[in-house]
Amino acid sequence: MSSEYLIEVEDLKQYFPIKTGFFKTTPLKAVDGVTFNIKPGETLGLVGESGCGKTTVGRTLLRLYEPTSGTVKFNGEEITAKNMAEHRKNMQMVFQDPYSSLNPRMTVEDIIGEPLDVHKMYSNKNERREKILALMELVGLNAEHATRYAHEFSGGQRQRIGIARALAVKPQFIVCDEAVSALDVSIQAQVINMFEDLQAKLGVAYLFIAHDLLVVRHISNRIAVMYLGKVVEIGDADEVYEHPIHPYTESLLSAVPIPDPIQAKQSQRIVLSGDVPSPMNMPTGCAFRTRCRFATDKCAEVCPTLTDKGGGHMVACHNR
Amino acid sequence: MAEQNALKRNVLSAQVDLSKFNFDDSVFEKATDEEKKQQDVMSESTTFFKDGMKKLMKNPLAVGSIIVLIIVMSVIIVAPHIVPYSYSQIISVNGKRDKTAKNLKPFEYSENELEYIAEGGEVFPHIMGTDAQCRDYFIRVVYGTRVSLAVGLFASILVLIIGLLYGSISGYMGGKVDLIMQRIVDIIYSLPDMLVIILLSVVLNETLGEKLEGTSFQSLGVNMISLFIVYGLLYWVSMSRLVRGQILTIKNNEYVLAAKATGAKSGRIIAKHIIPNCISVIIISTALQIPSAIFTESYLSFIGLGVQAPMPSLGSLANTAREGLQSYPYKLIFPAVVICLIVLSLNLLGDGLRDAFDPKLKK
């Protein structure tokens, strides 16, 4: 049953019903038909502006939300609500906020040990403790930290605790939901290096959700760009960065600050006009057409699909 | 590299050009071992509970009320073993009923007792005097306090159990289940509790009265049982609302989502993540529930719906004292003072607990 890809997501949709009247509900299309694949040991970066559905994709992948439609396959096997319990061992998540994602009433040992408890992955208490200490060492925490509570740690250390928890069940795939966004730059670098080390050591695949484009470029093999619940461009990291095709990607990349004032002066910022349309009231056709420089009549009628522009660089745009 | 940096620098930049400095060991002083140690030492790991207790012990009102409660508790536990009278016993001297021992003042002896003492006998003093039926009043107050405290405690535990279960199910399930369960709570909220207690005690008297005879419930009386039933039926609603509100906020925390992502089941999530995080609020409101239950019991006993005679409760003692209020005012004062002491100290303790454990009030 195994296939080339570890994770295959096909036409994943996640609508949330929002009450708009007394008896009326309107679906909020958080994720609207997303398709991508992740190979074993690969990192897929997922970027996009706030509210475009990045986090929802990650959470729906792990069945923290029940998807409206679409399939997620793990190692070629389709994941359903029934067999998700077994797959929890293979798929884990690192959360954005290291402050709210750790239970303040549990010691570090219990936080990291929870997945072990849930999946009964030890035979006695000594084995549990050994496993936890090994995990703590793996992420760079001292053994004496085990009996402390989460509030006694700094943000970077807390994020390490969260990563150790995700690694406890030896998953093959980890969703990093803005795992470094809440950290300051020096700690970000440490944690990102740790992610890379762990990938080299354990061969895990990541879905790396972030809005810091430079970080994503650094860590990702491939990158997917999302806009209003849809993937508009996907391809190799360098290819997407060097030759963005979709007008949204172009403008997104032009907003990346360049750490060199002379180069920054020469580069041109593509500023988008208008606001992101409400996901409850999406424009017809291409979701981006209301802010696109190249929008034509066709964009308003037909929703563009991802088409290969060469070398696995897929773009959803009529005009490029 | 240094040259490149120098070229790129803006003339007006305030950034320090590090290349102009030459760093060698003389510029920096190495940290001594002692200084390194200073960096290592962290404050002792404290649990949430220890932290809260520390704060509680710093609150003079809370400490005072704990002391008062301990004194009251030890008196009601120890006194019946020391005082040779029982709450329903009519005082007798030398095996004979002492009819002169009616309505004695505190520490006063009756004529017969005085005679007996003169003959060389020993009589335990009536610390609070006696009542109209020649019974020692002190022991009656002690038993009354026992009954009132026990009723308060059990009623609160009843409220806690039902409210906790109902509230956590309603809050955790959410959606339609929550909607229906909360409407039921709304209906119960609108029932007049006194009316229900009175109606229930009338009905239960008819149906249960005979069956209770000879069982341990008899001394409690039908009224008390209906009081407990009413607590079980009506008073849990505010507790359940509190628990529901707490759970609604906690269940949206990312650590609950993280537990779900590890594959934890609902039972584990409630027991390990949700309850520990709202337990302080629950304990506090239970502590505040006890005085209100004591108050309700006293109030019901006062209007004649409380414990069955001859079992005393603080409220029924106050009620009987009403009759001879002008001649024997101390009979009202003793139970009233005890009620005040217990209710006040429990309330102050509850407030202290809230201040110490509520993370939102952290200074």
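Predicted model: local features only at pLDDT ≥ 70, side-chain atom pairs only at ≥ 80, totals over all residues.
**Exercise 1.** Determine whether the residues of β7(A) are buried or exposed.

*Solution.* 
Step 1. In a regular strand, side chains alternate between the two faces of the sheet.
Step 2. One side of β7(A) carries A:Phe173, A:Val175 and A:Asp177, while A:Ile174 and A:Cys176 lie on the other.
Step 3. A residue counts as buried when its relative accessible area is under 20%.
Step 4. Since five of the five residues of strand β7 (residues 173-177) of chain A are buried, the strand is largely enclosed by the rest of the structure.

**Exercise 2.** Describe the sheet of chain A and identify the strands at its edges.

*Solution.* 
Step 1. The sheet is open and has eight strands, in the order β6-β7-β8-β3-β9-β10-β12-β11 (chain A), with mixed pairing.
Step 2. The edges are formed by β6 and β11 (307-308) of chain A; each has a single partner strand, so one side of each lacks a neighbour in the sheet.
Step 3. An antiparallel pair is formed by strand β10 (residues 230-236) of chain A and strand β12 (residues 314-315) of chain A, joined by two bridges. Here A:Glu233 has A:Val315 in β12(A) as its bridge partner.
Step 4. Helix α9 (residues 247-254) of chain A packs on the sheet and touches β3 (43-47), β9 (222-227) and β10 of chain A. The direction of α9 makes about 105° with that of β9(A).

**Exercise 3.** How do helices α5(A) and α6(A) pack?

*Solution.* 
Step 1. Two packed helices are described by the angle between their axes and the distance between the axes.
Step 2. For helix α5 (residues 155-167) of chain A and helix α6 (residues 185-202) of chain A, the angle is about 20° and the axes are 10 Å apart.
Step 3. Angles under 35 degrees count as roughly parallel, and α5(A) is therefore roughly parallel to α6(A).
Step 4. The crossing of the two helices is right-handed.
Step 5. The contact includes A:Ile163 and A:Leu167 from α5(A), and A:Val191 and A:Leu198 from α6(A). By class, the contact residues comprise eight nonpolar, two polar and one charged.

Definitions and conventions. Residues numbered from 1 in each chain as written. Chains lettered and ligands numbered in written order. Heavy atoms only, no water. Axes fitted to C-alpha atoms, helices over the stretch in contact; angles between N-to-C directions. Helix = DSSP H or I, 4+ residues; strand = E, 2+ residues; numbered from the N terminus. Parallel < 35°, antiparallel > 145°, perpendicular 65-115°, else oblique. Left-handed = near helix turned anticlockwise from the far one by under 90°. Contact = heavy atoms within 4.5 Å. Nonpolar A, V, L, I, M, F, W, Y, C, P; charged D, E, K, R; others polar. Buried < 20%, exposed > 50% of the residue type's maximum accessible area, 1.4 Å probe, protein only. Pairing = 2+ DSSP bridges.
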